[in-house]
Amino acid sequence: DPQNDNHRSFSTTLRGFTLIEVVITLTILGFICLIIFGAFRLGLSAWERGESVKDEYQEARIVSQLITQQVKSTVPFKIKPQQAEGDYLAFEGDVRSLRFVSALPIKGKQPEGFVYAKYEFKEEGSEGGRLILYEEKALNKDFFSEEPNEERGVSLLERVSSVRFEYFREEDPLNNQQEEWVEEWNAKDEKMLPKALKMTIIRKNQKGEEEPPITVFASLPAFRYEEVRTM
């Protein structure tokens with residue numbers, strides 16, 4: 001029957017197009033899922049990197065704030081050495097290290113009187129160095145003539161590319177001295193504390209690339225001081 005033949009032909013064609021459509025649809029869905037999954041993985045990876053950078057920046061910011069508070073709490077502590085060379089202020093620093101006496105301990109949970117603090121940058125290969133804090137009680141001795149116990153050092157920051165300390169010298173018209181930032185400060189020679197301190201930290205990320213520098217400033221209210229002496 002011609003009518004039945006036409007019906008069977010139409011049904012076969014309909015079934016053929018339906019199968020092709022299913023295959024095409026599944027293929028398109030597969031590509032869409034692949035694109036979505038790739039975008040999800042890319043977004044997750046970017047989020048994880050962002051969180052890692054955020055955590056590292058937050059860590060550096062917290063450490064910088066702690067250092068700032070301890071520097072601001074510097075006391076004009078005068079050491080009386082055993083040698084008859086006269087008392088001198090306990091504050092000394094260069095571009096890579098700083099040591100002073102503060103009323104604010106960082107390591108101890110409770111205040112224990114004045115503490116002798118030393119910050120030092122140590123290089124440790126291509127991955128970056130560390131910023132280390134040594135802290136102990138400011139006892140009645142010439143602790144500036146001794147090196148701190150290495151085992152008692154605490155690593156504050158790792159993967160550090162560089163640490164730079166600078167010291168602000170106040171203007172002194174009587175001595176024809178202009179205000180300026182200097183790279184070294186020895187209160188034994190200066191006979192005074194710097195007016196402020198600037199610290200610049202450059203860290204490396206997990207890929208070994210240098211991150212933007214973090215710069216903090218700390219004023220030293222005690223630069224105009226009443227002497228605090230050892231007994």
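Trainee: Where is Ile 24 found?
Mentor: Ile 24 is in helix α1. Helices are DSSP runs of H or I with at least four residues, strands are runs of E with at least two, and both are numbered from the N terminus. Keep in mind that this is a predicted model, where local features need pLDDT of at least 70, side-chain atom pairs count only at pLDDT 80 or more, and totals for chains, interfaces and linings use all residues. Residues are numbered from 1 along each chain as its sequence is written, and side-chain values use heavy atoms, with hydrogens and water left out.

Trainee: And what is the relative accessible area of Ile 24?
Mentor: It's 45%, so Ile 24 is partly exposed. Buried means under 20% relative accessible area and exposed over 50%, with partly exposed in between, using a 1.4 Å probe and protein chains only.

Trainee: Which residue in helix α1 is found at position 64?
Mentor: That's Ser 64, and the helix covers residues 2-72. Ser 64 counts as buried because its relative accessibility is 3%. Setting aside residues up to four places away in sequence, Ser 64 touches Met 199, Ile 201, Ile 214 and Val 216; contact means heavy atoms within 4.5 Å.

Trainee: Changing topic, how many helices and strands are there in the protein?
Mentor: Two helices and twelve strands. Along the sequence the pattern reads α-β-β-β-β-β-β-β-β-β-α-β-β-β. Of the 231 residues, 35% are buried.

Trainee: What about Glu 120, is that one with or without a salt bridge?
Mentor: Without, although Glu 120 is buried. A salt bridge is a side-chain nitrogen of Lys or Arg within 4 Å of a carboxyl oxygen of Asp or Glu. The nearest side chain of opposite charge belongs to Lys 118, 4.1 Å away; Lys and Arg count as positive, Asp and Glu as negative, and His and the chain ends are not counted.

Trainee: Where does Glu 120 sit, and what is it in contact with?
Mentor: Glu 120 is in strand β5, residues 115-122. Leaving out neighbours within four places in sequence, its contacts include Arg 96, Arg 130 and Tyr 134.

Trainee: Last one: which residues does Pro 148 touch?
Mentor: Lys 118 and Tyr 134, again not counting residues up to four places away. Pro 148 lies in the loop between β6 (129-137) and β7 (154-169), and it is buried, with a relative accessible area of 13%.
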